[in-house]
Amino acid sequence: MRLLNTRNGDMVEFFDESIPSKYAVLSHRWGDDEVSYHDWLARSLRPELRDRRGFQKIQRCCEQAIKDDIDWVWIDTCCIDKTSSQELSEAINSMFRWYRRSTVCYAYLYDYDGSELDAERLGECEWFFRGWTLQELIAPGIVDFYNKDWQRFGSKSDEDVCAAISKITSIDTEFLLGADVESASVAKRMSWASARKTSRTEDVAYCLLGIFDINMPLLYGEGRKAFQRLQEEILKTYPADHSLYAWGTPVESSSIKVSRETVIETLRGNAGNPPASPEPLHGLLARSPQDFKFSRNFSPNSVSGSFYMKILRGIEPASYPAAVGNGVRVELPTVGDNPFYYQFSEPPLSQIRYGTYAVLLCKDDTNDDVVICLPLLRWGPGYYARTRELYLARDLYLFQRLEWAGAADYRSIMTIAPERKARLRGGDVVLRSIVDFRGPINTVTWSFSVNFDHKITGDFDNMIRVKPNLAARYYSLVLYNSQASKGLQDWSIILGRTDVEGRDLPAFQAGIAPRSADQGDYTREFICDKIFQDPVDEFTIDLDPYPQIEIRVERHPLPKEDGFIDVVDIAIRDKVAPSPTDLPVRGKSDGQIGNDNQGAGDVPVL
């Protein structure tokens, strides 16, 4: 640690135990004419430096320290040789500790001209919205505030000043007055930085190292990866604090939740715009502290620590989270398979995909009745992605108890990572929705099989993807298991393309086919089928002994591809079923589609 002698201006370097027990530090908003370490050493040869506001700031800081009978000061502009990356890294990793050990911190507000406290004007000062000044406010035991003329107008320990600062920064007064920062949740600490800015992107992460007691190398030039690295270090240091994942916008109803009414309108061709904006799906970790704007009241619940330990007989401890590539492999309590909307931006359409709700083992300190959940969409084998929403569920209180949160039946190991979006090609088929209106289930669980002989692929995105263009001919099976108990597994819906006389490109074809009696496999000999050629086309299969199957196909152009895709909606009904608008929703609220096969003691499906 290099300190400046307040009486003669000498720079002296100290190590560990030799650091003076009494020294002051300066906290300020950097300007364009600061004096660097090498500038200060050459000050006798460069008299023009004395005209800089940065030089005058150093002088006034030293004068104030002398008045306080302090011989040494530490000032970040001139006490660090920033031409040495090693020294800069060491200083940034040590700053919080240096501020904590200081006798007093002089907070110089160049844009405050009052001689006494004016809370409204104080809230307009830049100092309170810079990244680096956060640790300079929290770490020192004493912080005295000076106006632009170096007149002291208060200290953070003053009751009125502390209250004003707490209102400006949303930092609880207990942490301003010296409470252990470690007792604040990860989300709370992140929220303190949510309204602060830094000149360099990497400093958004580096200025928080001391707040989280993290040490890591500095790599200027890595951009947003710095904040990713910081969170990965936090994840290792505080593995049981799930508030690290509790960023985003709290909602009482997820915007991607599938509602029964919207599905019916989709099947009728009246869906209109997607139910939510086609924003990208994110990984488990946040992109910046700004994502924690609404998270200051989230903290670990009573189950979080026990979740990773052998506490109850028959309940194995969960595995600790770990960074994997650009995602996080994590074990969390989850609530069933749930249908969600997925949005495409080009063309603008929404699709029903399956995912789950992951339950975070943290709580809202202002509301004991809610459990914080993440809606997760599945986009690959074991891979999920999240939206920016935090779903505050009111009917999952059972997960506040370890015997539920830790039960193997409700735990899943998954990798949550940013989605790798598939690019739509001309000829692709998007299965927008497959809905079963028979009985209480109201939605169907299907398996999706593709014929690899025809160079097509299918994955968790419910798409039949062509390689490489519309001219490919292919068939794919959509297999059902939701009605297996009714003996209806002897048929399958088949989707594909076929040649049509007079057309250059193959047209979309759909129908049902039986299982081969001798081979036990599905044939491609349609019992009933249709070739779809109009931009919007519909087909109803109404044959005994099969249920009524409605297939609706829309053609959407792909201008960039000079082609089009087909968007398919499938509805399955009993022949005697009433109109969809008259169908009751059994055991559901808010018109939700989900799994109704629950016992009285089961956790409700969201």
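**Exercise 1. Confidence**

Over which residues does the pLDDT stay under 50, and how many contacts beyond four places in sequence does the model have for them?

*Solution.* Step 1: settle the conventions. This is a predicted model in which local features need pLDDT of at least 70 and side-chain atom pairs count only at pLDDT 80 or more, while totals for chains, interfaces and linings use all residues. Residues are numbered from 1 along each chain as its sequence is written, and side-chain values use heavy atoms, with hydrogens and water left out.

Step 1: define the terms. pLDDT is the predictor's confidence in each residue, from 0 to 100; a contact means heavy atoms within 4.5 Å.

Step 2: read the stretch. The pLDDT stays under 50 over residues 577-606, and the model has 66 contacts for them beyond four places in sequence.

Step 3: The average pLDDT is 84, and 81% of the residues score at least 70. Residues 481-488 also have a pLDDT below 50, with 11 contacts beyond near neighbours in sequence. Where pLDDT is low, the predicted coordinates should not be read in detail.

**Exercise 2. Overall composition**

State how many helices and strands the chain has, and what share of its residues is buried.

*Solution.* Step 1: count the elements. Helices (H or I, at least four residues) and strands (E, at least two) are DSSP runs, numbered from the N terminus; the chain has 12 helices and 28 strands.

Step 1: Buried means under 20% relative accessible area, exposed over 50%, and partly exposed in between (1.4 Å probe, protein chains only). Of the 606 residues in the chain, 56% are buried.

Step 2: consider sequence separation. Among contacts with a separation of 6 or more, 63% are accounted for by residues 24 or more positions apart.

**Exercise 3. Nonpolar cores**

Identify the residues of the largest nonpolar core that touch the most other members.

*Solution.* Step 1: define the set. A nonpolar core is a set of buried Ala, Val, Leu, Ile, Met, Phe, Trp, Tyr and Cys residues joined through side-chain atoms within 4.5 Å.

Step 1: name the residues. The largest core has 110 residues, of which Leu4, Trp74, Tyr106, Phe145, Leu208 and Leu230 touch the most other members. Helix 3 (residues 85-101) supplies the largest share of this core, seven residues.

Step 2: inspect one member. Leaving aside neighbours within four places in sequence, leucine 208 contacts Leu134, Met190, Ala193, Phe227, Leu230 and Pro289.

Step 3: note the second core. This separate set of 24 residues includes Val371, Tyr391, Met463 and Ile565.

**Exercise 4. Aromatic geometry**

Describe the arrangement of tyrosine 106 and tyrosine 146.

*Solution.* Step 1: apply the criteria. Rings of Phe, Tyr and Trp (its six-membered ring) pair if their centres lie within 6.5 Å; planes under 30 degrees apart count as stacked, over 60 as edge-to-face and the rest as tilted. The structure holds 22 such pairs.

Step 1: classify the pair. Tyrosine 106 and tyrosine 146 are edge-to-face, at 5.6 Å centre to centre with 90 degrees between the planes.

Step 2: Tyrosine 106 is in strand 5 (residues 104-108) and tyrosine 146 is in strand 6, 40 residues apart, so that the pair links distant parts of the chain. Both tyrosine 106 and tyrosine 146 are buried.

Step 3: Tyr112, Trp127, Phe128, Phe145 and Phe153 form one aromatic cluster.

Step 4: locate charges over rings. The criterion is NZ of Lys or CZ of Arg within 6 Å of the ring centre and within 35 degrees of the ring normal. Arginine 121 lies over the face of tyrosine 112, at 5.6 Å from the ring centre, and arginine 386 lies over that of tryptophan 247, at 3.7 Å.
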